[in-house]
Amino acid sequence: MKKWALSAIVYLLIVVGGYYSYTAIAGSPVDDPGHSDTEQHEK
Amino acid sequence: MSEKVVESQFQITGMTCAACATRIEKGLNKMEGVSDANVNLALEKASVKFDAAKMGPADIQEKIRALGYDVITEKVELVLTGMTCAACAIRIEKGLNKMDGIISANVNLALEKAAVEFNPSIVSPAEMTQKVEKLGYGASVKSEDNEKGTVDHRLKEIEKQQGKFIFSLILSLPLLWAMAGHFSFTSFIYVPEAFMNPWVQMALATPVQFYIGKQFYVGAYKALRNKSANMDVLVALGTSAAYFYSLYLSLKTIGSGAHPEGLYFETSAVLITLIILGKVFEAKAKGRSSEAIKKLMGLQAKTATVIREEKEMEIPLEEVVAGDIILVKPGEKIPVDGEILEGQSALDESMITGESVPVDKTVGDRVIGATLNKNGFIKIKATKVGKETALAQIIKVVEEAQGSKAPIQRLADSISGVFVPIVVGIAVITFFVWYLFVAPGDFAEALEKLIAVLVIACPCALGLATPTSIMAGSGRAAEYGVLFKGGEHLEMTHRINTVILDKTGTITNGAPVLTDVITKLEEAEFLTLVGSAEKQSEHPLAQAIVEGIQEKNITLTHPSAFEAIPGYGIKALVDGKEVLAGTRRLMKKFNIEIEHVSDDMLTLEKQGKTAMLVAIDGAFAGIVAVADTIKETSTEAISRLKDLGLEVIMITGDNEQTAQAIAKLAGVDRVIAEVLPEGKAEEVKKLQQQGKKVAMVGDGINDAPALAVADIGMAIGTGTDVAMEAADITLIRGDLNSIADAIFMSKKTIRNIKQNLFWAFGYNTLGIPIAALGFLAPWLAGAAMAFSSVSVVLNALRLQRVKL
């Protein structure tokens, strides 16, 4: 069980770390105007 | 229908001459669908060519049995792995039943076992396991090793599913967190920028979809390959639709710099997480529902102290052989079934009979393995060991009952079989209705409804509804000493409206005891003379008199002369006095005046007692009477049956007067007297012809024909031998209260099954339209689906707490 939890946390950290590293290198991502799927979920 | 001729061999028993062979041959050739039947008397084999489209080996076997012969079949239990829902169980069952030589195959999803009756000359268990493996599942023939393996496998499976759940939960939580940012009412919640990014979302959802969700794809592939569909197909379809649609939207925006709208990565990931969680709960609950067997197995002693070559030695239970002399100290468990050679003790038999009061046992008494020796040091001789012991037999019966199917399950099975394709159809229709009419052109909206329908409709609860209740109900009943032989009996018992009770050994103790002493002499002196005279007699009534007198602490002497006069009684010389004891005819023979006691005699006989006249030195001295006494619990038990609204009838071979007397004492209103054992079955049939559902309760040996004919045969006994074989239910306690317990347990179980089926059916029939109308978000549908199975199993587990 620990193995599974640890793998998931490590993977999550890599993904999030990767994202922030990328944005640090490539600059801030475009503001999130489009991710307004609020309507979608609220329907 | 096209003709598919196959040839099968049947090993037949019971043929004595060529005429038998011809009879079977003719009988088989007359059957519709049989093209050629040959019976070889010497080999005791029948070769039958038949059209498999019209009939199966089971029909042929039935015909041979109807002709008065028997077919040798074997039974095997396969331990199965890899089933995910009722549709898998049905597929394996169908696959096995299609094989040549399989008489019947029953797959129990909850137990993960297949009970197969087969013709060993046509098919082998190895071929069956190969067939199951071809269908995409794992199978092995049940043995003690793989039984342990099953438990290990289950534990490993639970552990693995728990790990998978944790993994997908950790990756799904950020996606859920991101979703919180989408709703206006949760918009105040801070959502890290990373979690809103579609590529991060995809990176988190992908391992959940394909690594954790691999089991659904594999299951769906296996099902589709075999031209059927199961819950894996629905889960795989639903989650894939959400995942690939989101992926498509994400890819579409590459290069545009914009973030895509309407992503459903969280839907697919959360769905899989919830379904895996449901599986964890389900696996845990399944393990608990087979607890009855584990409990029974745990009752066995691990070792036994035996005396071999005059030495005491402690050996493992498996090494004890019949005939071993075993020492059992106070507080120890009796290792195997046996007979007491030395010592006496009170034995706690509650674990086997459900009877809470310890039973006193002494030399010559039978003891049951796994019961607890409370206070005395006893030496026993092992009579039954290994699979022969009462406990092993009980375990076998309970296992078979738990693995069997109740007729009510057929409905659920047939529905689960066609459910998935219908649901896929409904989902597609829902999609188009939304896409074309309700929200024209809104692909995302229509897709969401499609996913919700696919996910809410998984028929897992339907597949678990009946077997889990049967397992829990029959297991709980076994703990109270009521052994149902199969699910069908558990279902039938609640329909019973008439109970026929055999008299001797069922209502009564079955052993005569001294009941009355009438004399004008001093009682002790009178009894000393009668007891001493009867001591030499081997007649059961004489033995009852001697035992009764000895219980009064009267010391008996040895007669100086003794003569048994068959049909009359005895004549003996005790302490110089001539004692005559016997019937009226004996008194007449010796010219003894008995006219003045004829009223006493009549009164005793009306009470169902056997009176014996005694004369001392040529003069009438008194009467001793013996009778088979009513069991202490019979009157209360019969009144319980009446309270349940059942008609209670006593059946006996005794004369009307005696029978009426016993019936009155026991509280039975209707008596069928002077019936021979073979006539009992006829009486049962007569009642059935009047439209009654009859339960026959007897001691299982002389009542066997009636037990077999009755709608439910209940054997009162010790749970071994003929009784177990003849009856549908064995009541291990020799107490009639178990009849009411059995009926009560059957009613409870059937009510539980109906609740489960209602819940499972209702859940799907309500859930699908709600999802199709768009009132159910996919993740909610997933949660509801996961917990529907869990709720069904938990409801069944309530049966384990039923108090009788």
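In which helix of chain B does Q161(B) lie? In this predicted model, Q161(B) is part of helix 5, which covers residues 144-180 of chain B. With a relative accessibility of 6%, Q161(B) counts as buried, because the cut-off for a buried residue is under 20%. Leaving aside residues up to four places away in sequence, Q161(B) touches Q215(B), I276(B), K279(B) and V280(B).

Chain B as a whole contains 29 helices and 30 strands. Of its 804 residues, 55% are buried. Among contacts between residues at least 6 apart in sequence, 67% join residues at least 24 apart.

The unreviewed UniProt entry lists seven spans of chain B under "transmembrane region": residues 165-190, 196-212, 233-251, 263-281, 418-438, 450-470 and 756-773. Two of these spans were examined for their secondary structure. Residues 418-438 of chain B are 100% helix and 0% strand, with 28 Å between the end C-alpha atoms. Residues 756-773 of chain B are 94% helix and 0% strand, and here the end C-alpha atoms lie 26 Å apart.

Two packed helices are described by the angle between their axes and the distance between the axes. Helix 7 (residues 198-212) and helix 8 (residues 214-225) of chain B pack at an angle of about 40°, and their axes are 4 Å apart. Helix 7 and helix 8 of chain B are therefore oblique to each other. On the side of helix 7 of chain B, the contact involves Q209(B), F210(B), Y211(B) and I212(B), which meet K214(B), Q215(B) and Y217(B) in helix 8 of chain B. By class, the residues of this contact are four nonpolar, two polar and one charged. Q215(B), in helix 8 of chain B, is also one of the residues that Q161(B) touches.

A second pair is formed by helix 15 (residues 443-456) and helix 28 (residues 737-772) of chain B, whose axes come within 8 Å and cross at roughly 175°. This angle makes helix 15 of chain B roughly antiparallel to helix 28 of chain B, because angles over 145 degrees are classed in that way. From helix 15 of chain B, K449(B), A452(B), V453(B) and I456(B) take part in the contact. Their partners in helix 28 of chain B are Y763(B), N764(B), G767(B), I768(B), A771(B) and A772(B). The contact of helix 15 with helix 28 of chain B comprises seven nonpolar, two polar and one charged residues.

Methods: Residues are numbered from 1 along each chain as its sequence is written. Chains are lettered from A and ligands numbered from 1 in the order in which they are written. This is a predicted model: local features need pLDDT of at least 70, side-chain atom pairs count only at pLDDT 80 or more; totals for chains, interfaces and linings use all residues. Side-chain values use heavy atoms; hydrogens and water are left out. UniProt positions are given in the numbering used here, feature names are shortened, and annotations may be inferred rather than shown by experiment. Helices (H or I, at least four residues) and strands (E, at least two) are DSSP runs, numbered from the N terminus. Axes are lines fitted to C-alpha atoms, for helices over the stretch in contact, and angles run from 0 to 180 degrees between N-to-C directions. Angles under 35 degrees count as roughly parallel, over 145 as roughly antiparallel, 65 to 115 as roughly perpendicular and the rest as oblique. Contact means heavy atoms within 4.5 Å. Ala, Val, Leu, Ile, Met, Phe, Trp, Tyr, Cys and Pro count as nonpolar, Asp, Glu, Lys and Arg as charged, and the others, Gly among them, as polar. Buried means under 20% relative accessible area, exposed over 50%, partly exposed in between (1.4 Å probe, protein chains only).
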